[in-house]
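Morning, everyone. Please have a look at it first.

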Amino acid sequence: MARVYNFSAGPSMMPESVLKKAAAEMLDYAGSGQSVMEMSHRSKIYGTIIEGCEAVLRELLGVPDNYKVMFLQGGASTQFAMVPLNFMKTGKADYIVTGQWAKKAYQEAGKYGDAKAAASSADKTFTYIPKVTPDIIRQDADYVHVCYNNTIYGTHYNTLPDVGNVPLIADMSSCIMSEAVDVTKFAAIYAGAQKNIGPAGLVVAIVREDMLGEVREGTPTMLDYRIHADNGSMYNTPPAYSIYICKLILEWIRDEIGGLDKMNELNKYKSGMFYDYLDNSNMFSGTVVKEDRSLMNIPFVTGNEELDKKFVKAAEAAGFVNLKGHRTVGGMRASIYNAMPVEGVEKLIDFMKDFEKNN
């Protein structure tokens with residue numbers, strides 16, 4: 001069977017060249033006579049994989065030496081607890097609520113201290129990013145948390161929020177490695193891998209060193225960033241195979257795409273093509289205000305629930321899968337992550353034009 005175009009919000013498409021390389025190395029990695037899935041994470045050969053993965057990540061993102069890079073488990077949802085347990089030092093933190101995951105992070109933080117929703121776009125079903133200025137942020141808060149790209153609602157911080165002198169922490173799960181980011185503007189960044197940088201089961205955390213060290217009393221050992229940082233992500237068995245795939249994907253971005261600026265150009269081209277079609281269609285329309293549109297996740301509707309269902313079913317039969325919108329919002333959503341080829345977007349647009357003509 002031919003490969004389908006997978007527009008899932010995650011787990012998402014991976015670069016075909018990466019999958020082929022992984023397949024070729026499945027039984028024998030680099031002449032070791034074993035699969036990466038089988039090898040000891042303490043072995044010298046696995047050390048080259050995890051160290052190499054960190055090196056290429058630092059290179060692509062320009063991560064300064066005073067930031068620790070950690071490869072963790074439990075997905076971004078575990079980070080919702082790790083962040084307040086590690087960083088809510090005076091017991092006060094502000095959250096910008098721009099969607100379901102931002103809301104879940106905010107609710108989780110409320111278990112550990114005074115979490116405040118400093119701004120929210122819930123009033124308009126999260127179709128925009130609220131303007132953030134220092135006057136709405138408690139300047140004695142321990143940190144401000146944002147979800148940089150909102151997978152479900154298709155919004156993105158196209159301008160960095162101005163939070164004054166409060167440390168900024170970002171969940172970048174659905175946009176990590178899709179664009180260049182100035183890491184120094186953030187005290188911490190975390191990202192689940194299953195959108196742009198690997199399989200589900202891995203989360204990457206990048207934390208400025210001065211943020212580490214003082215955890216809440218009673219914090220489980222496995223939820224202490226300092227433990228993982230001090231042990232090179234090897235306090236326990238890491239998600240070894242996921243880290244290997246992450247390394248291959250990061251090398252693909254560097255070597256085949258040409259780095260993050262080139263990756264961003266490609267992402268702008270793909271999403272621009274799709275938004276242009278939506279803006280000129282008589283049947284389909286986007287749901288997000290133009291200035292806050294995501295390059296990664298594009299929700300759209302026909303305005304008719306039955307027609308939406310008909311479209312999703314017809315699209316799947318034609319090889320365009322996982323276009324159904326999130327259960328909380330309905331409609332459709334095309335997630336166009338790094339690995340989605342240009343031709344996948346072009347063919348989907350052609351299919352939508354035909355559907356529009358016939359319906």
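A cut-off to start with: a residue is buried when its relative accessible area is under 20%. Phenylalanine 311 has 0% relative accessibility, so it counts as buried. Keep in mind that this is a predicted model.

Stay with that residue. Phenylalanine 311 sits in helix α8. Which ring does it pair with across the chain? Phenylalanine 284. The two rings are edge-to-face, 5.1 Å centre to centre, with 65° between the planes. This pair links distant parts of the chain. Phenylalanine 284 lies in the loop between α7 (260-280) and β11 (285-286), 27 residues apart from phenylalanine 311. Is phenylalanine 284 buried or exposed? Its relative accessibility is 1%, so it counts as buried.

The structure holds 20 aromatic pairs.

Ring pairs link Tyr5, Phe274, Tyr277, Phe284, Phe300, Phe311, Phe320, Phe351 and Phe355.

Two names there, Phe351 and Phe355, take us to helix α9. How do α8 and α9 pack? α8 covers residues 305-317, and α9 covers residues 342-358. Their angle is about 130°, and their axes are 11 Å apart. That angle makes α8 oblique to α9. The crossing is right-handed.

Who touches whom? From α8 come Leu307, Lys310, Phe311, Ala314 and Ala315. From α9 come Leu348, Phe351, Met352 and Phe355. By class, this contact has 8 nonpolar residues, 1 charged and no polar.

One more helix pair. Helix α1, residues 16-24, packs on helix α6, residues 240-257. The angle is about 135°, with the axes 10 Å apart. α1 and α6 are therefore oblique to each other. α1 passes α6 in a right-handed crossing.

Which residues of α1 make the contact? Ser17, Val18, Lys21 and Ala22. On the α6 side they meet Tyr241, Tyr244, Ile245, Leu248, Ile249, Trp252 and Glu256. This contact divides into 8 nonpolar, 1 polar and 2 charged residues.

That is my tour. Over to you.

Technical notes: Residues numbered from 1 in each chain as written. Predicted model: local features only at pLDDT ≥ 70, side-chain atom pairs only at ≥ 80, totals over all residues. Heavy atoms only, no water. Axes fitted to C-alpha atoms, helices over the stretch in contact; angles between N-to-C directions. Helix = DSSP H or I, 4+ residues; strand = E, 2+ residues; numbered from the N terminus. Parallel < 35°, antiparallel > 145°, perpendicular 65-115°, else oblique. Left-handed = near helix turned anticlockwise from the far one by under 90°. Contact = heavy atoms within 4.5 Å. Nonpolar A, V, L, I, M, F, W, Y, C, P; charged D, E, K, R; others polar. Phe/Tyr/Trp six-rings, centres within 6.5 Å; stacked < 30°, edge-to-face > 60°. Buried < 20%, exposed > 50% of the residue type's maximum accessible area, 1.4 Å probe, protein only.
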